[in-house]
Amino acid sequence: MNGNGGHGMQVVDVPKSHQYVLSEEALGVLNADAARALPVAVVSVAGAFRGGKSFLLDFFLRYLNATDADRNSGAWLGNDEDPLVGFNWSTSYERNTIGIHIWSRLFPMTLNGEKVAVMLMDTQGTFDNDSAIRDNTTIFALSTLLSSLQIYNISGNLKGNDLQHLQYFTEFARLVANDAQPFQHLKFLIRDWQFTDDLPHGADGGRRLLDRVLEVRPDQPADQQEIRRHLRSCFEEIDCFLMAHPGFTVSGRNFNGRLADLRPEFRACLRELVPLVFAPNRLVPKRINGQPLTAQEFVHYLRTYMNAFNS
Ligand code: GDP
């Protein structure tokens, strides 16, 4: 996408020196947006490479670009043959760079009667092993601190080590945030959920899975109990969504993202998930110390947090 439609731009880069670098050019674009003075609701998708994050964000873009009538009728999802465009998603195995990408345009929306600007953020990292996770902690901490909704993209199932990674990010983030309650809404998004005999796709299955996984039981080791209490206390809200597998055409070289190639179960999940993410009574502006942040102030905080992480 280009022109008025916007484009993905990398705002934070992580070169080999592990000093995080901001793109002044990208920040300039955000600062010039007509909606920069509105409170900003930041929707972030974070997780490992090749997890389908950019692919999902492109459906978010379709929804945000649709008219109210198309949102209400379901037509926002598009036509069967339309190629999927927006953030660069890819069917190749090549590794992308670690970092944070933001859509160059803000989307004005009315949430709970208040005009806000919605910002989309894509946070890429690696989760190959524990040392990679430590290297990536900063980038995930940063995006969790700066989002109103952090969607944690996980493949297959929600496991103990996913909770452990989150604990790293949140503890690290708390070191720099001068705020007693810095995190808002966390959504675990489980991709390729297979165990539908046990729990159905969608928000209902997700809620039931989360209740099981976050349950604190006396027979658990003390550190496992602690992680669960820590996560519940960190976020104002935590939920989960179980996503269907899109079908194996998605990994083909000629796949262009058209709906016709996606399994009906996956399309049904998109129809449930995307309006839920942007529901006016659920999505909220980013707040720091209880105060809503504008897009302009977002740029200021991004700089401040990065300097703190780099020092
Ligand atoms: P990102 O690196 O996380 O942004 O991943 P991409 O969005 O670039 O997608 C990587 C590959 O995964 C592409 O081939 C997509 O077609 C495919 N893909 C998208 N969504 C899903 C999903 O839910 N499950 C699976 N298995 N693949 C997906």
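Predicted model: local features only at pLDDT ≥ 70, side-chain atom pairs only at ≥ 80, totals over all residues.
The buried residues of α9 are A295, F298, V299, L302, Y305, M306 and F309. Viewed down the axis of α9, these residues fall within an arc of 135°, and they therefore line one face of the helix. The exposed residues T304 and N307 are carried on the face of α9 that is turned away from this buried side.

A further helix, α8, spans residues 264-277 and contains P275. With 15 other C-beta atoms within 10 Å, P275 is partly exposed, because a residue counts as buried at 20 or more such atoms and as exposed at 12 or fewer. Although P275 and L64 lie 211 residues apart along the chain, their C-alpha atoms are separated by 9.7 Å.

The shell around the ligand consists of 17 residues, of which G52, K53, S54, F55 and W89 come nearest. Helix α2, which covers residues 53-65, provides the largest share of this shell, with three residues. In terms of residue class, the shell around the ligand holds seven polar, six nonpolar and four charged residues.

Methods
Residues numbered from 1 in each chain as written. Helix = DSSP H or I, 4+ residues; strand = E, 2+ residues; numbered from the N terminus. Near = placed C-beta within 6 Å. Nonpolar A, V, L, I, M, F, W, Y, C, P; charged D, E, K, R; others polar. Arc of directions from axis to C-beta.
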